[in-house]
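Please keep the sequence and the structure in view while reading.

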Amino acid sequence: MAPFTLRWGIISTGWIAEKVVSDLLVDPTTRDTHDVAHKITAVGSRSVEKAQKFINEYVKGDKSVKAYGTYDEVYADKDVDAIYIGTPHTYHYTNALDAIKAGKHVLCEKPVTCNVAELRSLIAAAKEQGVFFMEALWTRFQPLTKEVKRIAEEGTLGAPVIVHADFSNDFNVATLPKTHRMMDPNLGGGALLDLGPYPLIWTIVALFEHPSNKSTKPSNVTATMYKTPITGVDFNTSYTVTFAPNPSTGSTLAAQAVLSCSMNVTSHNPGVTIRYEKGTIVIDAPVPCPLRFTVQYFKDGKPGVIEREEVRKFEYVGDGWHFQADEVARCVRDGKLQSDLWTHEKSLLEMEIFDEVRRQGGYKLPAGIEKVL
């Protein structure tokens with residue numbers, strides 16, 4: 001049986017769109033995927049010339065791909081099934097809503113919106129239109145993440161206790177113009193919205209998704225920020241997410257995540273450490289797309305004394321963005337409106353936490369940037 005082929009329209013022609021498109025073009029059979037495939041049919045940018053340049057460079061000059069100078073033309077294209085949105089954060093809500101209203105399925109880059117109210121609005125619109133909608137948190141769909149989750153939940157390690165995760169990047173801020181996406185509050189600049197989803201996704205996988213938690217929300221979030229006096233965006237953000245037992249939901253999880261993100265220092269290795277009662281999972285950097293992790297098992301009755309270690313390594317063609325696209329294709333094929341792995345509920349949790357972190361840190365976006373409050 002021929003694979004189900006999802007036809008993509010690409011919105012924006014920036015760096016992240018380049019990466020996603022390059023992976024969409026990788027032969028799915030190289031990752032042992034035989035049931036779905038991908039085809040890029042349209043690219044939208046601020047000009048036809050820019051869209052065509054992107055096609056020439058990143059879609060191998062495929063003459064069947066249409067170049068558009070507006071996003072609306074991509075939404076209206078009858079040969080487009082799904083839209084990938086790679087625009088700056090503060091454009092996500094408008095771009096996604098326009099695509100949804102045009103009846104297109106949507107994969108929207110993280111953070112999916114600027115706040116939880118915008119996200120609730122998009123989810124409601126997608127349900128009304130009967131289209132699939134998902135945040136592009138690609139880490140959740142990678143083979144390594146699935147294997148970490150399997151080992152963590154098989155019981156040998158016991159209950160999770162604490163997660164330490166950091167994702168940072170030195171953007172050489174002294175050289176950045178104030179209009180750069182990382183520096184401009186009008187674009188949702190700063191570390192939290194751009195880098196913060198990656199430490200948080202490991203918290204959601206390790207703690208929120210853990211069977212003992214029964215999908216119970218965190219009991220507490222505490223945060224602190226250092227905001228640059230240059231433009232007011234957060235350079236350094238640290239936040240703690242606590243999960244407490246909850247009799248009303250049946251949760252027995254008692255665990256905490258200590259998370260950080262910075263835009264003026266590089267990440268360190270390991271990127272993620274998940275500590276359990278009977279062992280530790282140590283995940284190598286980079287946090288968004290790790291290829292190696294180590295499981296340390298403690299001796300019985302001797303916490304912290306390592307009895308044995310197991311190392312897992314992963315290889316595949318491409319950079320790991322294609323796994324989320326495969327998920328979109330399968331969901332569209334099967335008539336699903338959301339993914340079972342990265343649900344609307346998890347994106348809502350992410351944005352609720354970020355709203356609280358920004359509130360505690362005193363980081364408000366300029367008036368009018370958030371379209372729904």
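Helices and strands are runs assigned by DSSP, a helix having at least four residues and a strand at least two, and they are numbered from the N terminus. The model in view is a predicted one, and its chain contains 10 helices and 14 strands.

The overall form comes next. A compact globule of 373 residues would have a radius of gyration near 21 Å, and the chain agrees with this because its own value is 21 Å. Along the principal axes, the C-alpha atoms fill a box of roughly 65 × 55 × 40 Å. Of the 373 residues, 57% count as buried. Among contacts between residues at least 6 apart in sequence, 70% join residues at least 24 apart. The chain exposes about 15400 Å², of which carbon and sulfur atoms supply 52%. Its side chains include 41 positive and 45 negative ones, and the centres of these two sets lie 1 Å apart.

Helix H1, residues 15–24, shows how an element can be covered by others. Seven of its 10 residues are buried, namely Ile16, Ala17, Glu18, Val20, Val21, Asp23 and Leu24. These buried residues pack against several strands, E1 (4–11), E2 (36–44), E4 (82–85) and E5 (105–109), and also against helices H2 (48–58) and H9 (322–333).

Most residues other than glycine have a negative phi, and most peptide bonds are trans. Serine 12, however, has a positive phi of about 90°. Aspartate 32, in the loop between H1 and E2, also has a positive phi, near 60°. Are these two residues buried or exposed? Serine 12 is buried, because its relative accessible area is 7%, whereas aspartate 32 is exposed, with 61%.

Two peptide bonds also call for attention. The bond from lysine 110 to proline 111 is cis, with omega near -15°, and proline 111 is located in the loop between E5 and helix H5 (116–129). The bond from alanine 285 to proline 286 is likewise cis, with omega near 0°; proline 286 belongs to the loop between strand E12 (279–283) and strand E13 (292–299).

Beyond its neighbours within four places in sequence, tyrosine 239 is in contact with residues including Leu192, Pro199, Thr222, Val258, Ile353 and Phe354. By contrast, the C-alpha atoms of tyrosine 239 and aspartate 319, which are 80 residues apart along the chain, are separated by 29 Å.

The cysteines complete the tour. A disulfide is a covalent bond between the sulfur atoms of two cysteines. How many disulfides does a search of the whole structure find? The search finds zero. The sulfur of cysteine 108 is too far for a bond, because the closest cysteine sulfur, in cysteine 114, is 10 Å away. Cysteine 261 is in no disulfide either, and its nearest cysteine sulfur, that of cysteine 114, is 15 Å away. Cysteine 108 is buried, with a relative accessible area of 0%, and cysteine 261 is buried with a value of 0%.

Definitions and conventions: Residues numbered from 1 in each chain as written. Heavy atoms only, no water. Disulfide = S-S within 2.5 Å. Buried < 20%, exposed > 50% of the residue type's maximum accessible area, 1.4 Å probe, protein only. Rg over C-alpha atoms; globule rule 2.2 N^0.38 Å. Contact = heavy atoms within 4.5 Å. Areas by Shrake-Rupley, 256 points an atom, 1.4 Å probe, with all protein chains shown as cover. Lys, Arg positive; Asp, Glu negative; His and termini not counted. Charge placed at Lys NZ, Arg CZ, Asp CG, Glu CD.
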